[in-house]
Amino acid sequence: IQQALEQNRFCLMAQPIVGIRGDNYYEVLLRMAGDDGKLIYPDDFLPVAHEFGLSSRIDLWVLENTLAFMNQHRKVLPGLRLAVNLSPASVSRSQFPGEVERLLAQYHVEPWQLLFELTENHSLSNPEQARQTLAHLQALGCRVAIDDFGTGNSSLSWLEKLRPDVLKIDKSFTSAIGTDAVNSTVTDIIIALGKKLNIELVAEGVETQAQ
C-alpha cells in the first residue's frame, strides 16, 4: 500500500448515479494495481490500510486526484459532480476540512461539486469529532451522504448526530423488493423517513422494474 501511494499505483473509476429528476452525478471508485498489474479491490486492501494508519493518506490521494481530474476536464465536463468515500480516520481528524478547503482552492473546484460518503457500518472512534468534521464540510458547501444505510446498528443515531444530505439505501434492501416482505417494508420506512426529513435518497443496486 505504501508503494502504491509513493508510485501512484491507485486507479480511480466512476459509477453513474442516475436521478429520476435528471440530477445525475458519479461515485468515485478506488482500485489498487498489484505488482502483477491486476486491479485489487478495496475490500482486500482498505482493512490493512486502516490497521496500519494509512486510510487518511489514501483518502487525500483520492480527493486530490479527483479534484485534479475535475480541473483538467472542466471544459468538456462542466458542472461535474463527484462523490468520494471517507474513512473513519479522516472524519476523526479536525484538520481534514481545512485540507479539503485548500485543495478546492488549488484546483478551482466549487464545494457543491463534491459529495462525501461515510459508510454506516464503519465504527467511529470519535463520534463528536466526526460530527464536527462533517458539519464543517457542509458549511463549506459540500454535501454529506451515509452509505449502506440500514445495515448498521445505529441508523437513527447517525441521522440525528451527522445530519446527512443524502441516504444511500443498501443493496440488500433494494434487491429484496418484491421477494422479501420484511426488507421491502424496511425500504418503505427509510423512504418515508428520508422524505419527512427532506433528505435525498439513493437506492443501490436497482436492476428490475419493480425495484
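Val-28 is buried, at a relative accessible area of 7% (buried means under 20% relative accessible area, exposed over 50%, partly exposed in between, with a 1.4 Å probe and protein chains only). The residue sits in strand β2 (helices, H or I with at least four residues, and strands, E with at least two, are DSSP runs numbered from the N terminus). The model is predicted: local features need pLDDT of at least 70, side-chain atom pairs count only at pLDDT 80 or more, and totals for chains, interfaces and linings use all residues. Residues are numbered from 1 along each chain as its sequence is written, and side-chain values use heavy atoms, with hydrogens and water left out.

**Confidence**

- The protein averages a pLDDT of 90 (pLDDT is the predictor's confidence in each residue, from 0 to 100).
- A score of at least 70 is reached by 96% of the residues.
- Where pLDDT is low, the predicted coordinates should not be read in detail.

**Overall build**

- The protein has nine helices and eight strands.
- Its radius of gyration is 17 Å, close to the 17 Å from the globule rule for 211 residues, so the protein is as compact as a globular protein of that length (the radius is taken over C-alpha atoms; the rule is 2.2 Å times the number of residues to the power 0.38).
- Along the principal axes, the C-alpha atoms fill a box of roughly 50 × 40 × 40 Å.
- Of the 211 residues, 42% are buried.
- Among contacts with a separation of 6 or more, 66% join residues 24 or more positions apart (contact means heavy atoms within 4.5 Å).

**Nonpolar cores**

- The largest nonpolar core has 45 residues (such a core is a set of buried Ala, Val, Leu, Ile, Met, Phe, Trp, Tyr and Cys residues joined through side-chain atoms within 4.5 Å).
- Phe-10, Leu-63, Leu-67, Phe-116 and Leu-134 have the most contacts inside this core.
- Helix α3 (residues 55–72) gives the most to this core, with six residues.
- Another core, of seven residues, lies apart from the largest one; Ile-17, Tyr-25, Leu-115 and Val-166 are among its members.
- Leu-63 is in contact with Phe-96, Val-100, Leu-103, Leu-114 and Phe-116, leaving aside neighbours within four places in sequence.

**Val-28 and Thr-66**

- Not counting residues up to four places away in sequence, Val-28 touches Leu-12, Met-13, Val-62, Thr-66, Leu-82, Ala-83, Val-84 and Asn-85.
- Val-28 and Pro-16 are 12 residues apart in sequence; their C-alpha atoms are 9.0 Å apart.
- Thr-66 lies in helix α3 and counts as buried at 2% relative accessibility.
- Leaving aside neighbours within four places in sequence, Thr-66 is in contact with Leu-12, Val-28, Leu-82 and Val-84.
- Thr-66 and Ala-83 are 17 residues apart in sequence and 9.4 Å apart in space, C-alpha to C-alpha.

**Helix α5 (residues 96–106)**

- Phe-96, Pro-97, Glu-99, Val-100, Leu-103 and Leu-104 are buried in α5.
- Seen down the axis, these buried residues fall within an arc of 155°, so they line one face of α5 (the arc is that of the directions from the helix axis to the C-beta atoms).
- They pack against α3, β4 (82–86), α4 (88–91), β5 (114–119) and α6 (127–140).

**Helix α2 (residues 42–51)**

- Pro-42, Phe-45 and Ala-49 are the buried residues of α2.
- Their arc around the axis is only 90°, which puts them on the same side of α2.
- Asp-43, Asp-44 and Glu-51 are exposed on the other side.
- Cover for the buried residues of α2 includes β1 (10–17), β2 (25–33), β3 (39–40) and α3.

**Positive phi**

- Most residues other than glycine have a negative phi.
- Asn-8 has a positive phi near 60°, in the loop between α1 (2–6) and β1.
- Arg-163 has a positive phi of about 50°, in the loop between α7 and β7 (166–169).
- Arg-163 is exposed, with a relative accessible area of 57%.
- His-108 follows α5 with a positive phi near 55°.
- Gly-53 follows α2 with a positive phi near 70°.
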